[in-house]
Amino acid sequence: MRPHGSRAADAPHSVSMADVARVAGVSQQTVSRVVNDQSNVKAATRERVLAAMEELGFRPNYAGRSLRGGSYRAVGLFMPDLMYAGNLATLNGLMAAAAERGYAVTLADRPDAAERSLMRESRQMAALPVDGIVINMSQKTADFDEFVPLPGLKTVIVGALPHPRCTTVDSDHYGAAVMTVEHLIAHGHRQIRHIAGPVDSVPAEQRERAWRDVLERHSLPVAEPCHGDWSADEGYELGCRLAEDRSATALFAANDQMAYGAMLALRERGTRVPEDLSVIGIDDSLEGIVPHNMLTTVRLNLEERGRAVFEHAVGTLARSTEPVAVRIPGTLVARASVADARG
């Protein structure tokens, strides 16, 4: 430990590599090797340098490292609506991939923005020390088709629409919905209703379109869907309305929260699930939250989505100049909310 009255205890001071080198009794070059995690440093020397860095409160100058090594080792993430379950799972995957590679994640948001813009968000993130940008987008922005990524800064969009100049990564929403409706049809259901997501949501639009396409392909009736806001409360309200539809034998909700809310409403009004009406959702977001979860659903691997955007933004796939549309398939999880259609 440094004695009382030493430089570390005096007025605020920007600690340099030279200070660390003096305390550790090594050269500045050795300190630089430790900071940059190079292997050509003896273990005992590395420990001595790390101890001196901790004692002095040394923080590496990342701007300087960027100038020398060409990288800040940070990825910028623009993710509004962070508290949505799907966004949190994606963030977990991205942060896990970043931690494994020694990267930091810089998070930005514009909760007060009335209208989102890919160019505005990318410029905001480009002002920060990041090597690549990830923009989460569930709604199509006005500048989506015209957007051109900033030169020298790889931009990846988390979204369900392909882009002519950016790689996009998302779950296969269309394929997941096909899976749900085909599962209901395999159980003999012919009158399948739909609670859709918000009308301005791209994933909701793709799930609704898949529902229509599958029903039409099987020559089954298509009743106009109800539109919700993804919440269980909205699912409950719409479930109250659906309880009056005695011809329906199955319900496909665009996410698990709305499906769960609808199930509660149906049961309260005397409709048995699944004996009278089968219910299925998408995302598997209730596991570990709702006790005795019985909802059949399609699980979306959202942590894998986070890992994929990291790889395309700053990882092993970032050097590719050709944009690709990565769609991660879901997995059907059969539980007790779907049964054979009543006779």
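A polar contact, in the sense used here, is a pair of N or O atoms within 3.5 Å; within protein, one must be able to donate a hydrogen and the other to accept it. Please keep in mind that this is a predicted model.

Let me begin with the sheet. Its 4 strands form an open sheet with parallel pairing, in the order S7-S6-S8-S9. Strand S7 (226-227) and strand S9 (278-280) stand at the edges; each has a single partner strand, so one side of each is left without a neighbour in the sheet.

Next, the pairing of S6 with S8. Strand S6, residues 192-196, and strand S8, residues 250-253, are joined in the parallel sense over 4 bridges. Isoleucine 192 has alanine 250 in S8 as its bridge partner.

Helix H10, residues 256-268, packs on this sheet and touches S6, S8 and S9, its direction making about 160° with that of S9. Helix H8, residues 202-217, lies across S6, S7 and S8 and runs at about 165° to S6.

I now turn to one residue of strand S6, histidine 194. Is histidine 194 buried or exposed? Its relative accessibility is 2%, and histidine 194 therefore counts as buried. Which backbone oxygen does the side chain of histidine 194 reach? It is that of phenylalanine 252, at 2.7 Å. Leaving aside neighbours within four places in sequence, histidine 194 is in contact with residues including Glu208, Trp211, Cys226 and Leu251.

Definitions and conventions. Residues are numbered from 1 along each chain as its sequence is written. This is a predicted model: local features need pLDDT of at least 70, side-chain atom pairs count only at pLDDT 80 or more; totals for chains, interfaces and linings use all residues. Side-chain values use heavy atoms; hydrogens and water are left out. Two strands pair if DSSP finds at least two bridges between them. Helices (H or I, at least four residues) and strands (E, at least two) are DSSP runs, numbered from the N terminus. Contact means heavy atoms within 4.5 Å. Axes are lines fitted to C-alpha atoms, for helices over the stretch in contact, and angles run from 0 to 180 degrees between N-to-C directions. Buried means under 20% relative accessible area, exposed over 50%, partly exposed in between (1.4 Å probe, protein chains only).
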